[in-house]
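Reader: I have the sequence and the model open side by side. Could you take me through some of the side-chain and backbone features?

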Amino acid sequence: MDDYSSVKPGMLVAVHCEEKEGRPFIGEVVEKNDDGDIKVQWLKGSWKGIWRHWVVKKQTYTSHIPVKSLILWDFSLTSKGRLKAKTIVELKEKYEELDEQAKNC
């Protein structure tokens, strides 16, 4: 899944970064520009916990990231704001695969 052209504002995305603590890194796409970056509004939560928009000093926490750092997109949360079991399995597999690739470099 690396056809980033399907990434659109409003989609939930999972991001890969080398930092393992705090995984998974989940955000909502706010905007996408033509130079390969997206603006993400971060969510805060945990594998089995509830996900909410991350607020810092009464402002939602956003940042610009390269679209190529995405490992999963266009998924949804349950009605209670949790990751679906299928999404958890897929994300853990993707993180493990990327960690293994990094080890072998």
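Reader: Which ring does the charged end of Lys-92 sit over, and how far is it from the ring's centre?
Author: This is a predicted model, so the distance is computed from predicted coordinates. The charged end of Lys-92 sits over the ring of Trp-47, and the separation from the centre is 5.0 Å.

Reader: What is Leu-91 in contact with, leaving aside its neighbours within four places in sequence?
Author: Leu-91 belongs to helix H1, which covers residues 85–103. Its relative accessibility is 0%, so Leu-91 counts as buried. With neighbours within four places in sequence left aside, its contacts are Ala-14, Pro-24, Ile-26, Trp-47, Ile-71, Leu-72 and Leu-83.

Reader: How far apart are the C-alpha atoms of Leu-91 and Pro-9?
Author: Along the chain, Leu-91 and Pro-9 are 82 residues apart. Between their C-alpha atoms the separation is 21 Å.

Reader: Which residue does a cis peptide bond join to Pro-24?
Author: Most peptide bonds are trans. Pro-24, placed in the loop between E1 and E2, is also one of the contacts of Leu-91. The cis bond has an omega of about 0 degrees, and the residue it joins to Pro-24 is Arg-23.

Reader: How many aromatic pairs are there, and what is the geometry of Tyr-4 and Trp-73?
Author: The structure holds three aromatic pairs. In the pair of Tyr-4 and Trp-73, the ring centres are 5.3 Å apart and the planes are at 35 degrees. Planes under 30 degrees apart would count as stacked and those over 60 as edge-to-face, so this pair is tilted.

Reader: How many residues apart in sequence are the parts that this pair ties together?
Author: Tyr-4 lies in the segment before strand E1 (12–15), while Trp-73 is in strand E8 (residues 70–75). Trp-73 has 3% relative accessibility and so counts as buried.

Reader: What kind of pair do Trp-54 and Tyr-61 make?
Author: Trp-54, at 31% relative accessibility, counts as partly exposed. Tyr-61, at 36%, also counts as partly exposed. Their ring centres are 4.9 Å apart with planes at 70 degrees, so the pair is edge-to-face.

Reader: Which strand gives the most to the lining of the largest pocket?
Author: The largest pocket holds about 200 Å³ of space. Of its 14 lining residues, those nearest the centre are Gly-22, Phe-25, Trp-42, Leu-43 and Trp-54. Strand E2 (25–32) and strand E3 (37–44) each supply at least two lining residues. With three residues, the strand that gives the most is E3.

Reader: How do the residues of that lining divide into nonpolar, polar and charged?
Author: Trp and Leu count as nonpolar, whereas Gly counts as polar. Across the lining of the largest pocket, the division is ten nonpolar, three polar and one charged.

Reader: Are Lys-57 and Lys-58 buried or exposed, and what is the phi of each?
Author: Most residues other than glycine have a negative phi. Lys-57 and Lys-58 are both found in the loop between E5 and E6. At 79% relative accessibility Lys-57 counts as exposed, and at 81% Lys-58 counts as exposed too. Phi is positive in both, at about 50 degrees for Lys-57 and about 65 degrees for Lys-58.

Note on methods: Residues numbered from 1 in each chain as written. Predicted model: local features only at pLDDT ≥ 70, side-chain atom pairs only at ≥ 80, totals over all residues. Heavy atoms only, no water. 1 Å grid on protein atoms, 1.4 Å probe; cavity = no way out; pocket = protein on both sides within 12 Å on 5 of 7 lines; lining within 4 Å. Points joined across faces, edges and corners; volume = space filled by probe spheres on them. Helix = DSSP H or I, 4+ residues; strand = E, 2+ residues; numbered from the N terminus. Phe/Tyr/Trp six-rings, centres within 6.5 Å; stacked < 30°, edge-to-face > 60°. Buried < 20%, exposed > 50% of the residue type's maximum accessible area, 1.4 Å probe, protein only. Lys NZ or Arg CZ within 6 Å of the ring centre and 35° of its normal. Contact = heavy atoms within 4.5 Å.
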